[in-house]
Amino acid sequence: MSRVIKSPRGMNDLLPPESSKWLYFESACRSLFERFGYLEVRTPIVESTELFARGIGEATDIVEKEMYTFPDRKERSLTMRPEMTAGCARSYIEHAIHKREPVTRWFYTGPMFRYERMQTGRYRQFYQVGVEAFGAPEPSVDAEQIAMLYALYTQLGVTDLDVVVNSVGTGDDRQRYREALVAFLTPHRSELCEDCQRRMDTNPLRILDCKVPSCQLLVVDAPNILESLGPDSRAHFDQMRRHLDGFEIPHRVNPRVVRGLDYYTATVFEILGGSANLGTQSTLVGGGRYDTLIERLGGPPTPAMGFALGVERAILSLPGDPSEYVNAPLAYLAAHGTAARERALAIAHRLRVAGLRIEVEHREVGLKAQFKRADKLGVRYVVTLGEDELASGEVKIRDMNRRQEIAVKLRDLESALKQRAHG
Ligand code: HAM
């Protein structure tokens, strides 16, 4: 027997009916984001490695150890995108979007790739839905994005949302804080985990959200980043929070949320929730302001704010069995006999082309088996076609909910079903 080939570790198939739950979630995102003025952008899954190294930061976990990087046939180093913000920024600059409009609002959805340790809610190929707004420096934009997310999850029935906000300030603010943090941690250097000992020299802020318990204990008394903010950053943060209050979004401040990507300036935030199914991976969304990234990547100075949410984690926290998200067919055409079946197939085709969701059986099976199938599919109407119906040109539409039947002429079947589809 030949060996069975499996999908790569951490990269999953998405199968029906699970895919219906995904589609439902993605279309809820689209419809909501469009109401807030965001339009979809699609960028390549693969970008030049340099974009992520410069964009996300050399000393981040993503760039240091999680990227899928490979040389192409001409030895150019390419990387499977670990996130989309860098790609959006590249695209914004490449197409000189700032010349077309003062504010640009994009959303995206698609697979991302990170070579991470696998667990529930953490995969190597995972999907994000995200939003980026370019050109708007106002703190109300930060708050509006958070409020939009809050609306998304509550509308979908995800409860226990925990909105956590912080500010990492400008480069100067962060430099000041970095010095204070290093001064605080230096006497405890040997008590830090191996990764954090390295981070002391490369990216000390990351020690704040290290998951190792001994590191977590150490940073409890660490200096508060909010106290290192200059007056402008402080004002931005306070105004952003006032807007959140205006939008009636419950939230809390956690000065230890610094995020794992280097491009952030000012606001950073995370939304946690859906914890029952997610285990330790309860961060549904992460985002923040990145006012210097576009310039650092060679574009004009452009303020920007965005977030990305994990689709797998959203699906895990969404209530309901996947099968509840499958749209049942409107009607089932049951046929009795070869001539009726041929006719049923032709009618089903016509009805489908006319926009109706119709099931019909291709195999020659008895009516009983067909009714059973119709029942299993949860269809609302069953139309039976046999020799009598062919001869009379009249069929019965059986309403499975009301257990009623009405007779209609075959030529009126389409309008009768359409009426019921919309009624
Ligand atoms: P991130 O925090 O790296 O931010 O990822 C955002 C979300 O993607 C996480 O909160 C989580 O739900 C999901 N996620 C991340 N890694 C995995 C994984 N291995 N498996 C499953 N889900 C995962 C960013 O990616 C930024 N680009 C967000 C952003 C946009 N900031 C500004 N604009």
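Strands β3 and β4 (residues 77–80) run antiparallel and are joined by three bridges; helices (H or I, at least four residues) and strands (E, at least two) are DSSP runs, numbered from the N terminus. Within this pairing, proline 71 has serine 77 of β4 as its bridge partner. The model is predicted, with local features needing pLDDT of at least 70 and side-chain atom pairs pLDDT 80 or more, while totals for chains, interfaces and linings use all residues. Residues are numbered from 1 along each chain as its sequence is written, and side-chain values use heavy atoms, leaving out hydrogens and water.

The open sheet has three strands in the order β2-β4-β3, paired antiparallel; a pair requires at least two DSSP bridges. Its edge strands, each pairing on one side only, are β2 (46–48) and β3 (69–71). From one strand to the next the twist averages 35°. Helix α2 lies across β2, β3 and β4 at about 75° to β2 (contact: heavy atoms within 4.5 Å; axes: lines fitted to C-alpha atoms, for helices over the stretch in contact, with angles from 0 to 180 degrees between N-to-C directions).

α2 (49–56) and α6 (171–185) each give two or more residues to the lining of the second largest pocket, and α6 supplies the largest share, four residues. A pocket is an open set of points on a 1 Å grid over the protein atoms alone, where a 1.4 Å probe fits, with protein on both sides within 12 Å along at least five of seven lines; lining residues have an atom within 4 Å of a point. The volume is about 420 Å³, as the space filled by probe spheres set on the points, which are joined across faces, edges and corners. Of the 22 lining residues, Arg174, Arg178, Asn203, Leu205 and Asp262 lie nearest the centre.

| Lining class | Residues in the lining |
|---|---|
| Nonpolar (Ala, Val, Leu, Ile, Met, Phe, Trp, Tyr, Cys, Pro) | eight residues |
| Polar (the others, Gly among them) | seven residues |
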